[in-house]
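Reader: Hi! Could you walk me through this one? I'd like the overall picture before any details.

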Amino acid sequence: PGRGFVCHCAEGYAGNVSCSARGDSGLLLIATDKEVKLIDPYKNRSEPENVQHVFRVPEDELMSSVAAHYADRTYFAVFKRRIVSTNSLTVKPHTGKPSFNSSSVFYETSPLDGPDSVIHAAAYDWTTRLMYIARDEDIFVYRTNQETGLKQYKTLLQEIGQVQSLLLDVERGLMFWSEIAKRDAVISVAHMDGTNARTILSSKRHGEISWPTDLAVDRATGRLYYADVKLRTVESVNVNGKDRKTVWSVDKSSRQVPYKIEVFEDFLYIATYQSSMVIKAHKHARSQHGNETLSGEGGPRIVRLLMMQDQAHSVTHDSCKDFCHDSAVCLRTPTVPVCVCPDDMVPERKSLARDGNLTCVDAACRLQCHRGKCHMGPNGIPHCKCDPLYTGTRCEIYRCNGWCKNRGSCYVDTAASLDPATGLYPLKCRCPPEWAGDRCQTPDKCCLNGGTCLNMEKGLNKGLNKCSCPPGYTGQWCELCPDLGCQNGAICLRDEFGQPACNCTPGFEGPRCERPHCDGFCLNGGTCVMSEHGSPVCACPGLFEGKRCETEKCRCLNGGTCILSRDNVTKCDCPQPWIGPSCEVNACDCTCPGANFGLPPSSSSTCSCPSFTPSYCPKPTEYCHCRNGGTCVHLDSQPGPVCRCTDDYIGTECEIQYLGLHNPCNNFCAGNGVCTLVKDSGRPFCTCLDRTRTGERCEGCKLSCPEDYCVDKDECACVDCSSGASTALVLFAVLLLLLVLLAFSYYHVRRKARRRGFDHSRIRENVEITNPMYEGHLELTDELATPPESVRCALNISRTSRGNFDNPVYAMMEEKANLLEAG
């Protein structure tokens with residue numbers, strides 16, 4: 001009062017000047033790497049009853065974080081490779097030391113994740129009972145099916161940096177995380193289903209952050225708070241990274257460097273770095289005066305602060321409750337919930353993510369095991385069980401490759417014990433007659449290639465055999481031919497004609513065994529191994545197949561993207577409204593224009609329509625009313641349908657006729673594009689109906705054709721390369737022939753013209769000449785001398801006009817003749 005403002009508290013809060021949360025007063029959870037305890041932040045810390053010990057971890061364990069479910073007081077202790085639930089902890093009285101047992105493990109990393117797999121952070125959505133886990137460079141959700149006990153996963157984000165902190169704003173359906181990438185520190189936000197991920201703060205952008213160690217959200221205002229241990233600050237921003245404010249800052253001499261934070265009501269709770277203090281400060285205070293120390297300096301490293309109170313763990317509307325089928329996973333978003341199948345399951349029928357009737361069934365184990373079989377593990381992740389002769393994650397490594405020497409035959413000794421280091425049965429060799437040893441590396445006879453075996457009787461080698469080799473052979477057993485130069489472990493043996501020849505080891509060929517069989521054999525990143533028959537075999541990466549990994553598995557149409565799922569199954573990720581294995585089905589009008597989108601006629605397949613209408617499709621009432629012959633079309637870039645007008649009309653309903661004016665949209669868009677006029681400028685603008693068309697006027701073509709097909713850029717379609725090449729060759733030949741004929745004709749005419757001389761015939765006597773050039777010596781009558789005006793005009797005759805045919809040669813001859821007569 002008197003200051004011109006009135007305070008209104010958010011829902012769940014009450015008060016006049018300061019808003020307090022309704023319900024109990026709340027407790028602050030303080031988790032160190034050794035224990036979890038609760039304190040009352042509103043009481044004096046010196047009172048013994050102010051501290052409640054929840055549990056301590058064993059001496060040989062260190063916690064990295066803690067998650068909690070307030071309603072049923074469930075705590076999750078996060079360790080390096082596992083998460084333990086306190087529901088299965090037996091806490092001893094007074095000491096607070098729990099005894100872990102096998103049933104207490106809520107989540108544990110799998111050996112398939114790799115020996116270096118680490119859990120970096122975790123956050124719990126108490127409404128869906130999903131644990132969000134940041135492990136390695138991935139973020140995924142995890143749950144234990146209460147009915148079946150099956151552990152299920154759903155991967156949300158992959159190949160991000162090392163996560164420092166993971167935070168859920170369950171009320172708003174948002175997920176925040178801070179990460180340290182290779183050369184950048186960022187804070188990002190996404191919907192809780194992993195979509196719409198974006199960076200809101202970055203160390204590369206004006207030095208906004210340096211090393212963000214923790215995040216907290218003010219659930220009443222929606223502002224994000226973060227602690228930066230290098231900048232020694234606590235700052236806040238809105239969800240778009242704007243309106244940045246510094247809330248807490250200390251100089252370089254202070255030991256109160258912020259490390260972990262929590263925000264609740266009007267207070268900011270800060271755990272300091274190294275000194276392990278817990279400080280309570282007002283989030284709007286401009287100075288640090290009046291701060292309260294809740295936990296003194298010293299003690300184990302603090303890894304998490306968490307307010308345990310009704311308003312901190314509640315939502316106004318539980319949108320996921322009874323929304324999805326039990327087999328599906330419900331994920332919150334800022335608008336409506338999303339139903340998805342776990343990574344090891346697939347939809348029973350074609351469904352959309354926002355379809356609450358989505359039913360998931362077990363996915364077929366479709367992991368491509370080169371020489372083995374796919375098995376689903378207990379955690380729902382597929383893996384390969386290899387044949388005895390093969391190993392590797394995809395059974396792509398042939399164990400016998402190069403094991404037996406000198407053409408020995410390799411086999412697995414299943415009667416022997418498993419190798420404790422590898423867990424595999426040992427390899428054995430069957431040697432050809434002239435070789436012996438466990439890998440056929442020793443000649444059965446003393447010498448090869450006609451060498452003489454000598455028994456040493458004197459010296460240090462007494463009792464040992466030695467070979468006396470014939471000319472051209474050397475080595476311990478006369479197995480080398482220096483003149484031949486065998487490579488890659490090959491030895492020299494006489495052939496059937498008695499000549500030295502290189503005997504190659506498996507995997508090599510050539511006169512000197514210099515060429516590997518695998519050299520350049522596998523394409524697109526495939527791994528080449530040698531089979532038991534000595535021939536190269538390719539283990540292809542996930543997106544390719546074929547004998548040489550030459551064929552791409554996905555043929556996605558209509559802007560679809562070929563992706564590899566977590567269980568290593570390739571599929572097309574289709575944009576709306578396209579569905580189907582190749583994104584060939586329009587879910588809104590159920591058309592399959594395969595031939596129009598890059599498939600050759602022989603590749604078009606029958607498509608099936610969905611049994612439901614997706615929510616993003618236009619409703620029956622959303623059709624446009626186009627006049628004067630206009631056509632109603634639906635564009636992805638427009639919220640509703642628009643009219644495609646004829647050349648003489650324009651407007652939202654083609655109601656404006658161009659009379660005597662040029663229509664800017666006439667012939668402006670190519671490739672079936674729809675032309676509309678920009679509202680302010682009146683400039684024509686094209687929207688391409690065909691997704692294969694690009695450019696401002698839809699004149700470009702972005703089309704990927706199958707093998708043996710080429711892109712016709714004019715029609716933006718796939719055509720047979722061979723037929724196109726033949727037609728082009730014929731046209732080129734005809735054009736070349738025409739040019740040759742034209743050049744020959746031109747040359748012939750010019751040559752004939754050069755050879756023609758001056759053809760003059762003497763005028764015979766007694767010939768009457770009426771050519772005006774003889775007017776100079778003819779006596780004309782008056783009638784002839786003065787022709788009628790009509791004649792002069794028609795013939796344009798004039799004695800003095802330069803238009804007459806006045807040949808200078810005849811003029812000169814006439815002049816000479818007159819001189820002779822005069823003489």
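This is a predicted model: local features need pLDDT of at least 70, side-chain atom pairs count only at pLDDT 80 or more; totals for chains, interfaces and linings use all residues.

Author: Happy to. Residues are numbered from 1 along each chain as its sequence is written, and side-chain values use heavy atoms, leaving out hydrogens and water.

Reader: Thanks! How many helices and strands are in the chain?

Author: Four helices and 64 strands. These are DSSP runs numbered from the N terminus: H or I of at least four residues for helices, E of at least two for strands.

Reader: And what share of the residues is buried?

Author: Buried residues make up 39% of the 823. Buried means under 20% relative accessible area, exposed means over 50%, and partly exposed is in between (1.4 Å probe, protein chains only).

Reader: Nice. Which strands form the open sheet of four?

Author: The order is β16-β17-β18-β19, with antiparallel pairing; two strands pair if DSSP finds at least two bridges between them. β16 (162-169) and β19 (198-202) each have a single partner strand, so one side of each is left without a neighbour in the sheet. On average, neighbouring strands here are turned by 20° against each other, direction ignored. The axes behind that angle are lines fitted to C-alpha atoms, for helices over the stretch in contact, and angles run from 0 to 180 degrees between N-to-C directions.

Reader: How many bridges join β17 to β18?

Author: Seven, between residues 174-180 and residues 185-191. Glu179, for instance, has Val186 in β18 as its bridge partner.

Reader: Switching topic: is Arg693 buried or exposed?

Author: Arg693 is buried, at 12% relative accessible area, and belongs to strand β61 (residues 693-694). Beyond its neighbours within four places in sequence, Arg693 is in contact (heavy atoms within 4.5 Å) with residues including Cys688, Cys698, Glu699 and Asp714.

Reader: Last one: which residues make the nonpolar surface patch?

Author: Val730, Val734, Leu737, Leu738 and Leu741, covering about 470 Å². Patch residues have over 30% relative accessible area and no salt bridge, with like charges joined within 9 Å and nonpolar side chains (Val, Leu, Ile, Met, Phe, Trp, Tyr) within 5 Å. A salt bridge is a side-chain nitrogen of Lys or Arg within 4 Å of a carboxyl oxygen of Asp or Glu. Val734 sits in helix α1 (residues 721-755) and is partly exposed at 46%.

Notes:
Accessible areas come from the Shrake-Rupley method with a 1.4 Å probe; for residues, only the protein chains shown count as cover.
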